[in-house]
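Here is a short briefing to read alongside the coordinates. It covers the fold, the chain contact and a few local features.

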2 protein chains.
Amino acid sequence: MALIVKKFGGTSVGDVERIKNVAERIVRTKKDGNDVVVVVSAMGKTTDQLIGLAKQINQRPKEREMDMLMSTGEQISAALLAMAIDSLGVEAISFNGPQVGILTDSSHTKAKILDIEGDRILEQVRKGRVVIVTGFQGRDEKDNITTLGRGGSDTSAVAIAAALKADQCEIYTDVDGVFTADPRVVKGARKLDKISFDEMLELASLGAKVMQSRSIEFAKKFGVTIHVRSSFHDGVGTIIAEEANEMEAPVVRGVTSNIDEAKVTILGVPDRPGIAAEVFKKISEANINIDMIIQNVGEKDTTDISFTVDKSDLDRLKDIMDSVKESVSAKRVTYDNEIGKVSIVGVGMKSHSGIAYKMFRVLADKKINIQMISTSEIKISVVVEENKADEAVNALHTAFELDKDVIYEAKL
Amino acid sequence: MALIVKKFGGTSVGDVERIKNVAERIVRTKKDGNDVVVVVSAMGKTTDQLIGLAKQINQRPKEREMDMLMSTGEQISAALLAMAIDSLGVEAISFNGPQVGILTDSSHTKAKILDIEGDRILEQVRKGRVVIVTGFQGRDEKDNITTLGRGGSDTSAVAIAAALKADQCEIYTDVDGVFTADPRVVKGARKLDKISFDEMLELASLGAKVMQSRSIEFAKKFGVTIHVRSSFHDGVGTIIAEEANEMEAPVVRGVTSNIDEAKVTILGVPDRPGIAAEVFKKISEANINIDMIIQNVGEKDTTDISFTVDKSDLDRLKDIMDSVKESVSAKRVTYDNEIGKVSIVGVGMKSHSGIAYKMFRVLADKKINIQMISTSEIKISVVVEENKADEAVNALHTAFELDKDVIYEAKL
């Protein structure tokens with residue numbers, strides 16, 4: 001008898017019929033003799049609808065109030081799912097994040113989980129009940145409701161699996177698993193059977209949309225093996241685990257793109273020590289996540305700094321940049337909404353020096369201009385024009401032979 | 001500087017525009033130098049939509065899960081109202097019932113308030129903030145979410161006003177105040193400037209729809225003076241207070257009807273002591289409220305018992321009645337959904353013996369058949385056919401001269 005944590009995303013519980021299907025699936029696992037704890041997102045478009053309501057009332061609502069508002073979405077789906085399971089003759093009980101002691105910091109709309117009191121969940125599991133917990137949310141030490149930000153339900157699921165020492169953590173999603181590229185963009189994209197935490201981390205943070213990166217960090221930290229699988233059929237998906245270095249592993253595992261970021265460039269900043277710190281201090285205080293950062297030497301004694309942020313943070317950022325511009329005596333700040341970040345990911349990439357060259361060559365052959373470059377141990381990212389992103393992904397997918405079910409080794 | 005509790009119902013916050021209007025109204029009171037605590041219901045049809053979702057999934061959802069589901073409605077409107085007030089430059093903060101320690105018993109979907117920890121509200125009021133609290137809900141001692149049942153927001157508002165020792169409790173509604181009869185049914189219905197707790201209690205429980213009866217009981221118990229007024233204009237409404245007997249008070253204050261009840265009749269029950277107790281024991285255990293009860297002598301050695309319940313409880317009741325029928329060896333149980341209860345209300349009615357006769361005479365003249373009769377100190381209720389209820393109300397309103405702004409004294 002295993003303790004299994006199952007997480008269902010917004011699409012999986014998008015309407016009444018789907019909620020019933022999910023309930024049947026849960027009941028099957030339960031009747032197989034397992035204990036089941038379910039983490040659930042808000043139904044389909046609920047979150048967007050709530051944001052829409054808020055924006056009609058206040059263009060810049062307080063984040064604490066946004067959390068009050070948004071957290072209702074998961075509570076609705078959790079209660080409905082409990083009712084659906086109950087109607088199949090299996091006892092179920094739903095809890096919201098605060099009720100089961102999911103303690104977070106106070107960074108409203110992007111809170112971090114600090115601790116989970118698993119007792120209340122386990123008490124119900126021991127009574128033979130299926131326990132449904134709202135994803136995406138918790139409470140801070142002053143009992144304010146917090147949310148973990150978009151995709152936070154994955155993090156909730158992994159954190160709960162870790163706290164309960166669950167045997168498995170299954171993430172149900174609207175795709176079959178983790179792919180070498182987005183199948184909607186690349187025809188020959190293939191499902192991966194297994195991927196390491198680190199590789200998935202890069203894929204997740206680079207916009208592969210399957211799982212939120214913070215949830216993978218959590219899983220890596222607490223050694224929670226994840227099974228990403230389809231909520232529409234019983235097929236096996238992709239296992240994400242701490243992987244021994246497999247000799248046969250291809251160097252490049254996947255290609256991914258992200259068009260949800262915007263590029264910000266500060267031009268004509270005096271070139272002196274501490275200037276970068278000054279630029280990013282206020283941004284960090286506002287809890288805005290920066291992705292790529294690049295600093296180039298500009299005209300005499302000045303420098304240009306570029307970075308990317310989530311488009312959703314751009315409004316807030318513009319206010320901050322006005323005062324940053326003043327304080328660092330910069331000449332000008334420009335914004336570019338129409339960028340796409342394209343990345344290739346794979347463990348061992350660093351030891352294959354030809355990979356970067358090959359990537360740039362492929363893009364050059366397609367006449368795709370590279371605006372920014374950033375590299376890590378296991379990924380290389382470039383920023384290109386937004387409308388070239390899909391073409392770049394396809395070209396790279398083919399060039400690195402990801403469509404072929406064979407062992408790839410970089411040759412140069 | 002006064003501390004004012006304002007309660008806005010579902011219609012008052014029915015859409016984005018109305019929420020903005022309510023916010024402006026609150027800001028005006030705040031800027032006049034008052035402290036304001038707001039209790040808010042779910043937006044317009046939200047509650048019905050949530051019930052609809054639940055019914056699609058489970059015909060008899062667990063009441064605990066219904067409370068999880070339903071309580072989200074007020075949390076949405078509370079957060080949105082806080083945002084709207086904030087956008088007008090006044091700081092506002094929203095809380096749900098559990099957060100501000102509204103402690104109830106564990107009777108899910110119709111819980112009773114046991115205690116309110118006012119500290120968290122007052123702490124925020126002292127910071128100069130408008131505090132928005134979700135009506136209709138609280139938590140039990142095990143931290144399960146509970147709801148107070150339909151109209152429970154009124155009770156929340158009065159209970160919070162009592163706990164905070166507020167100077168005023170204003171109930172905003174879609175009517176101008178308390179009327180001598182439902183203005184939609186009776187053309188000549190007049191607004192009352194003042195009414196006593198006891199009279200309002202009868203009107204509320206009889207279906208006058210302005211305020212929930214439990215909230216009036218609370219107000220009477222804790223001496224909270226209520227001002228029922230329109231949410232659409234600034235006109236004065238009706239004051240509900242503990243009233244000294246006014247000599248000029250008319251005997252009949254109002255006429256009201258309620259078509260939300262159903263009649264249940266148990267036929268052929270053995271006529272022996274304890275039989276009524278046996279009938280109502282199981283119903284009371286199921287927490288179903290009984291309204292009128294009548295017992296008639298039937299055929300030899302048997303008796304017939306009739307009573308009325310809320311139509312919404314009828315499904316659950318039918319199950320219970322099956323076993324009640326067995327245990328009391330009754331012949332048959334019948335149900336009638338199509339009844340209307342028509343009542344006249346007024347302090348001092350008992351001392352004017354002609355009132356009942358006049359009421360029955362008026363109905364007889366209209367050929368309206370009376371199925372059940374029930375009387376109290378300050379009201380007389382009759383059950384008639386549902387489709388005769390409006391006609392009965394109009395006839396009684398005219399007969400007791402409630403459309404005339406004069407002193408009425410029963411003459412007989």
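The points below go from conventions to chain, sheet, contact and single residues.

This is a predicted model, in which local features need pLDDT of at least 70, side-chain atom pairs count only at pLDDT 80 or more, and totals for chains, interfaces and linings use all residues. Residues are numbered from 1 along each chain as its sequence is written, while chains are lettered from A and ligands numbered from 1 in the order in which they are written.

**Chain A overall**

- Chain A has 11 helices and 20 strands. Helices (H or I, at least four residues) and strands (E, at least two) are DSSP runs, numbered from the N terminus.
- The radius of gyration of chain A is 23 Å, close to the 22 Å from the globule rule for 412 residues, so chain A is as compact as a globular protein of that length. The radius is taken over C-alpha atoms, and the rule is 2.2 Å times the number of residues to the power 0.38.
- The C-alpha trace of chain A spans about 75 × 50 × 35 Å along its principal axes.
- Buried residues make up 50% of the 412 residues in chain A. A residue is buried if 20 or more other C-beta atoms lie within 10 Å of its own, exposed if 12 or fewer, and partly exposed in between, with C-beta atoms placed from the backbone.
- Of the contacts in chain A with a separation of 6 or more, 75% are between residues 24 or more positions apart. Two residues are in contact if their C-beta atoms, placed from the backbone, lie within 7 Å.

**Sheet and strand pairs**

- Chain A holds an open sheet of eight strands in the order E3-E6-E2-E1-E9-E11-E12-E10, with mixed pairing. Strands E3 (92-95) and E10 (194-196) of chain A stand at the edges with a single partner strand each, so one side of each is left without a neighbour in the sheet. The twist averages 20 degrees from one strand to the next.
- Two strands pair if DSSP finds at least two bridges between them. E11 (residues 226-230) and E12 (residues 238-241) of chain A pair in the antiparallel sense over three bridges. There His227(A) stands opposite Ile239(A) in E12(A).
- Helix H1(A) lies across E1 (3-8), E2 (35-40) and E6 (130-134) of chain A, running at about 155 degrees to E2(A). Axes are lines fitted to C-alpha atoms, for helices over the stretch in contact, and angles run from 0 to 180 degrees between N-to-C directions.
- In chain B, five bridges join the antiparallel strands E19 (residues 372-376) and E20 (residues 379-385). A hairpin links E19(B) to E20(B) through two residues. Ile373(B) stands opposite Val382(B) in E20(B).

**A covered helix in chain B**

- Helix H6 (residues 197-205) of chain B has eight of its nine residues buried. Among them are Phe197(B), Met200(B) and Leu203(B).
- The cover over the buried residues of H6(B) includes helix H7 (213-222), strand E13 (254-258) and strand E18 (339-345) of chain B.

**How the chains meet**

- The contact takes 27 residues from chain A and 27 residues from chain B. On the chain A side, helices H1 (16-31), H2 (46-57) and H3 (63-86) each give two or more residues. H3(A) gives the most, with 13 residues.
- By class, that side of chain A has 15 nonpolar, seven polar and five charged residues. Ala, Val, Leu, Ile, Met, Phe, Trp, Tyr, Cys and Pro count as nonpolar, Asp, Glu, Lys and Arg as charged, and the others, Gly among them, as polar.
- A rotation of 180 degrees with 0.1 Å of shift along its axis superposes chain A on chain B (RMSD 0.1 Å). That is the relation of a two-fold axis. In chain A, Thr72(A) has the C-alpha nearest the axis, 2.6 Å from it. Superposition is by least squares on the C-alpha atoms of residues with pLDDT of at least 70 in both copies.
- 100% of the interface residues of chain A are also interface residues in chain B, so the copies meet through the same surface.

**Single residues**

- Most residues other than glycine have a negative phi. Ser329(B) has a positive phi of about 50 degrees. Ser329(B) sits in the loop between H9 (314-327) and E17 (332-336) of chain B, and is exposed, with 11 other C-beta atoms within 10 Å.
- Glu401(B) has a positive phi near 55 degrees. Glu401(B) is in the segment after helix H11 (389-399) of chain B and is partly exposed, with 16 C-beta neighbours inside 10 Å.
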